[in-house]
Amino acid sequence: MKKLLFVTLAFMLTNIIWAQDIPSVQIKDLNNKNILSKDLFKGENMVILSFWATWCKPCIKELDAYNENIEEWAEETGVELIAISVDNTRSMSRVAPFVNGRGWENIQFYLDPNEDFKRAMNVVNIPHTLLLDREGNILWQHNSYTEGDEYELYDVIKEQTK
Amino acid sequence: MATIKNLLGLGFVILFSCSISKAQNNEGQVHGNVQIDAQVYKTDSIIGAEVPPSRMGFNSYANLNYTKGNFTAGLRYEGYMNAMLGYDEEYNDVGIPIRYISYRSDELEITVGSFYDQFGNGLIFRSYEDKSLGYDNAMDGIKIKFNPYKGVYLKGFTGKQRKYFDLGPGIIRGIDGEFLINDIFESMSALKSQVILGGSFVSKYQKDENPVYNLPENVGAFSSRFTFINGGFNLNGEYAYKYPDPHPDVIDQYNYNTKFGDVILVNATYSRKGLGVFLSVKRVDNMSYRSDRNATLNNLNINFIPSITKNHTYALAAMYPYVTQPNGELGLQGEVIYNFKKETFLGGKYGTNLTVNFSQVNSLKTTPTANYEKYESEYLAIGDELYYRDLNVKVHKKINNKWKVDLNYLNLKFNNNILKLILDESGSSTFGMLDANILVADVSYKIKSRQTLRLELQGLFTEQDKGDWASGLLEYTLAPKWFLAFSDQYNYGNENDKVHYFNIAAGYKKKANRIQIGYGRQREGVVCIGGVCRNVPASSGFNISITSSF
């Protein structure tokens, strides 16, 4: 039984065409309203999707860096920035005061308290950032954050808009 | 059971096979990830690190998800050969514990096989996983989500819970409804105030095989919740009630009690640009709820009671973590985050961010009774015993384009008699109330646009347990690919053993692939996330970690 499953999988992997639409999972906005993840991609432009949490130090550094740059990037390329918090119900209520208190004005925030969207996007650890086109195809993705990584993302965005 | 598994497996094969033939014409997608954590252990008598018989710990995971139109199917491989120290030995196996097929349209979602979900805050049902804790109470069964009308969200499921590579003996059933009032009534859609109401019911069934007691085989729990929003103000709360559920995992004199359980959780927040305020209150009484009444540790929990304290992540600040006491506690937490604007006296050129957080948890006021309920608790009274108190202040400041500074101060009171985090060989607490002051300075300096040096200095000062600690970390990063870090934790206040825990780690990442290697000593400690903890024994040796998403 198991063998059969593996053979099928192996076969599938060698044959598949790598194109996709975005997984549709229920997430919440900062007002606790339910939203389907695929509705994040209704716009015309590319989307930066960044998974983070209020207790994750490198995530906060990363969003600080994006928040500083995103206005400029959006003007040049139209890219949008969406941050998905995976804070569970221990810290989910802290997300709105945290982002406002931090002064992050240029980012759209959503909540994924049981990590359903994180799992659907195959994220292992946070921070994890993806760049997607408007159909939800993954153009680029990046795990963890070190200062200066935003320049690489900017290069990729520029390249995609050429 | 075996037949069902085979059938489900067969279903997968058919689905995958069909998908393959179609995928070549139409579009379909395969995504997944791989994670490997391994350590080669070395004997180190100074810190009491021992080598397990297999000499090596090796945890490996791989997820594979296939999406085609409205269908998704996926599976997870897990292999522990053997499980790393600190993970339960019952994980020592290889297999495919997670596999599912799911259909999703805008209104309807049906999942068969493994699934995760939660109702409201999780007070009566939460199924989730956290690999760093070895925690996974995935459901195996069927789940339906239905959105019949704008603003109405219904969920229902029935299933059994994962326990290592097996399933627990109990069956869990649950329904949940969430109602966005402003969406349902069109006349309210333009109102500034918004209201969301929700309610759920969960029931578990487990056969009573107890030779002494006549125990209830079905135990139900219900909860109701609300959210009220007006501009930057948000008030939300949930109350949950559990019917009598006699079980042994309670403090000795109250075990097998027939008292009901309940929990109330209320959060209020206010925020506007540059200011965030958060206040939270929680009362928990007799709320341990498992699908096997004899289960212990982190096994087969049906519900999740979030801790009402801040989750600290700096190494020394996280040394004495608080974890929810489901058998009874009363707690509150408050936090203010304020951003001093640019070009002001305290803001400087780039602004200054200040966070002040306070939390305290006490016992309930309980009185033993002579009947089978065994005790009663006063609702509004605060118990005399302090479990935990935490006052912490954090300042974040960008000084200029090169320098950034984070400063943290914490004062902790930690009642080890109750929380039983540090125990001696006979299982008794080695100290009572711990009082600690902790200082952390985290400074980063940008050498060039893609090169950063980060220094982290920490001190923990206490008279109790192992006394004072100092810790330092120096990290060099070369974006976007490389990092190198040296760290040491020094237990200089320990009169018996002034031990250094020295570590070196280096990493390379490219896109969503990351590899990290390290060598050194790890102190004995506890890893906690949410309300769940895992004890990690002292170890020494070489470790490697690989993650990849595709």
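## A first look at chains A and B

Leu419(B) sits in helix α3 of chain B, which covers residues 416-419. It's a handy place to start in this predicted model. Is Leu419(B) buried or exposed? With a relative accessibility of 10%, Leu419(B) counts as buried, because the cut-off for that is under 20%. Leaving aside residues up to four places away in sequence, Leu419(B) touches Tyr322(B), Val323(B), Gln325(B), Tyr387(B) and Phe414(B). There is also Tyr320(B): 99 residues separate Leu419(B) from Tyr320(B) in sequence, while their C-alpha atoms are 9.7 Å apart in space.

### Where the two chains meet

Now to the contact between the chains. Chain A brings 70 residues to it and chain B brings 96 residues.

How many salt bridges run between chain A and chain B? The count is 10. Polar contacts between the two chains come to 33 residue pairs, with both residues at pLDDT 80 or more.

Which parts of chain A do the touching? The elements giving two or more residues to the side that touches chain B include α1 (2-15), β1 (26-29), α2 (57-77) and α5 (149-161) of chain A. The largest share of that side comes from α1(A), with 10 residues. Sorted by class, the side of chain A that touches chain B has 27 nonpolar, 23 polar and 20 charged residues.

Lys145(B) gives a close-up of chain B. This residue is found in strand β10 of chain B, residues 139-149. Lys145(B) is buried, with a relative accessible area of 11%. Among the residues Lys145(B) touches, not counting those up to four places away in sequence, are Gln26(A), Glu107(B), Glu109(B), Asp117(B) and Lys155(B).

In soluble globular proteins, nonpolar side chains tend to be buried together. In this model, the largest nonpolar core has 47 residues, and Leu49(A), Phe51(A) and Trp52(A) have the most contacts inside it. The elements that give two or more residues to this core include β3 (47-52), β4 (80-85), β5 (108-111) and β6 (128-132) of chain A. Helix α2(A) provides the largest share of this core, 6 residues.

What does Leu49(A) touch, not counting residues up to four places away in sequence? Its contacts include Leu40(A), Phe41(A), Ile82(A), Phe117(A), Met121(A) and Leu132(A). Apart from this core lies another, of 29 residues, among them Ala49(B), Leu412(B), Ile438(B) and Val526(B).

### Pairs of opposite charge

Side chains of opposite charge can pair when their charged atoms come close. Over all chains, the count comes to 40 salt bridges. Here are a few of them.

| Salt bridge | N to O distance |
|---|---|
| Glu178(B) and Lys28(A) | 2.9 Å |
| Arg102(A) and Asp64(A) | 2.9 Å |
| Glu78(B) and Arg76(B) | 2.9 Å |

Take the salt bridge between Glu178(B) and Lys28(A). Glu178(B) is in strand β13 (residues 171-180) of chain B and Lys28(A) is in strand β1 of chain A, so this pair joins two chains. Glu178(B) is buried, with a relative accessible area of 8%, and Lys28(A) counts as buried at 15% relative accessibility.

Next comes the salt bridge between Arg102(A) and Asp64(A). Arg102(A) lies in helix α3 of chain A and Asp64(A) in helix α2 of chain A, so the pair ties together parts 38 residues apart in sequence. Arg102(A) counts as buried at 10% relative accessibility, as does Asp64(A) at 17%.

Last, there is the salt bridge between Glu78(B) and Arg76(B). Both Glu78(B) and Arg76(B) are buried.

Key. Residues are numbered from 1 along each chain as its sequence is written. Chains are lettered from A and ligands numbered from 1 in the order in which they are written. Side-chain values use heavy atoms; hydrogens and water are left out. Contact means heavy atoms within 4.5 Å. A salt bridge is a side-chain nitrogen of Lys or Arg within 4 Å of a carboxyl oxygen of Asp or Glu. A polar contact is a pair of N or O atoms within 3.5 Å; within protein, one must be able to donate a hydrogen and the other to accept it, and residues adjacent in sequence count only if both atoms are side-chain atoms. Helices (H or I, at least four residues) and strands (E, at least two) are DSSP runs, numbered from the N terminus. Ala, Val, Leu, Ile, Met, Phe, Trp, Tyr, Cys and Pro count as nonpolar, Asp, Glu, Lys and Arg as charged, and the others, Gly among them, as polar. A nonpolar core is a set of buried Ala, Val, Leu, Ile, Met, Phe, Trp, Tyr and Cys residues joined through side-chain atoms within 4.5 Å. Buried means under 20% relative accessible area, exposed over 50%, partly exposed in between (1.4 Å probe, protein chains only).
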